[in-house]
Amino acid sequence: MSAPNKSFDPVEVEALKPEVIDRAKDEALAAIAGAGDLEALREVKAAHAGDRAPLALANREIGALPPHAKAEAGKRVGQARGAVGQALKLRQEELERERDERVLVEEAVDVTLPHDRVPAGARHPLTTFSERVEDIFVAMGYEVAEGPEVEAEWFNFDALNIAPDHPARTMQDTFFVRAGGDAKDEGESGVVLRTHTSPVQIRTLLDREPPVYVICPGRVFRTDELDATHTPVFTQVELLAVDEGLTMADLKGTLDHMVRELFGEGVHTRLRPNYFPFTEPSAEMDMVCYRCHGESVGNPDNPCRTCSSEGWIELGGCGMVNPRVLTACGVDPEKYSGFAFGFGIERMMMFRHNVEDMRDMVEGDVRFTRPFGMEI
Ligand code: DAH
């Protein structure tokens, strides 16, 4: 910096010549206009508006001018610096706007794009519900037993004391895979798609020594048309207990425990006499309606859709294992007794979840299964 000019010395200061200042200003404005992004503009700002910029240096020289020249030089430098500052500000705003617009475009997410991720699958409610039933018994020490879906006629009928002239054996109910003759044992037997899970009882008794406590879930087949209340393929759960000293009271207690676990406290069962060839005595088992607990019976003001105001819901069949079945499996009926029951999972799910049409359970539409959620 030059020394203060107090002596009116008509000094010529190169940096303050109008053309030099104009040039510095023009160069600054050109550099500002040429800055392509905010980073470049920052450098331009340092070079043309910083402490060491030509116009800043020129400003410091004003003091070297004679007093009469100071005002004009000051005005010139001030205007130049003002113009540069203003240009910087405008360019800064312009570049920020451009950046913001670019970011909006580059980081935009098109929420209308179809996504191609495969949604996580879930197991079918029939499967998870069967397992829930199994779990109740596994917790009590039962084992899960399974048998083939394509079954020897002997297991499916004969060994269960279902005589060859039993209506269930006619072509009406049974899918025959290979017709058999009058089977005396498994070897000469025809082959069917099992019509119930009861043949697993036979396989289990042939396989193990009592005491036997098994729960047998599985698919069964009958020549029914698919409609709102029938399906030719459905799911049953069978239970078999064979031990010394088992009575119908054990059966009843077991059934009550199961429905309590599935439907909650206060739900219990009743038995109605019935006939099944493989149990003696046999019974139909009903459970008290878990919704109205029987309170809708004879109460037209408060009808129950779940049990049609009957108070009871029919579950399936049960009874004490017929001694003829025990004998056919080589179990001494003098020493052992057993109880058994079997019921359909689809039917139970229909009233458990107010499913009105059984076809919904078998057609595989995820709109039906989704509300059941994901259960691993
Ligand atoms: N198997 C029978 C059916 O499918 C149901 C059944 C009844 C199973 C009585 C049993 C029982 O174990 O004891 O219709």
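Which residues have the most contacts inside the largest nonpolar core? This is a predicted model, in which local features need pLDDT of at least 70 and side-chain atom pairs count only at pLDDT 80 or more, while totals for chains, interfaces and linings use all residues. Residues are numbered from 1 along each chain as its sequence is written, and side-chain values use heavy atoms, with hydrogens and water left out.

To come back to my question, the residues are Met258 and Phe341, in a core of 43 residues. By a nonpolar core I mean a set of buried Ala, Val, Leu, Ile, Met, Phe, Trp, Tyr and Cys residues joined through side-chain atoms within 4.5 Å, and buried means under 20% relative accessible area, with a 1.4 Å probe and protein chains only. Helix 8 (248–263) is one of the elements that give two or more residues to this core, and its six residues are the largest share. Helices are DSSP runs of H or I with at least four residues, strands are runs of E with at least two, and both are numbered from the N terminus.

Phenylalanine 341, leaving aside neighbours within four places in sequence, is in contact (heavy atoms within 4.5 Å) with residues including Phe137, Leu255, Met258 and Met285.

Now to strand 10, residues 337–344, where seven of the eight residues are buried, so the strand is largely enclosed by the rest of the structure. Strands pair if DSSP finds at least two bridges between them; strand 6 (residues 233–243) runs antiparallel to strand 10 and is joined to it by eight bridges, with glutamine 236 opposite glycine 344. Strand 9 (residues 312–321) also pairs with strand 10 in the antiparallel sense, over five bridges.

Definitions and conventions
Buried means under 20% relative accessible area, exposed over 50%, partly exposed in between (1.4 Å probe, protein chains only).
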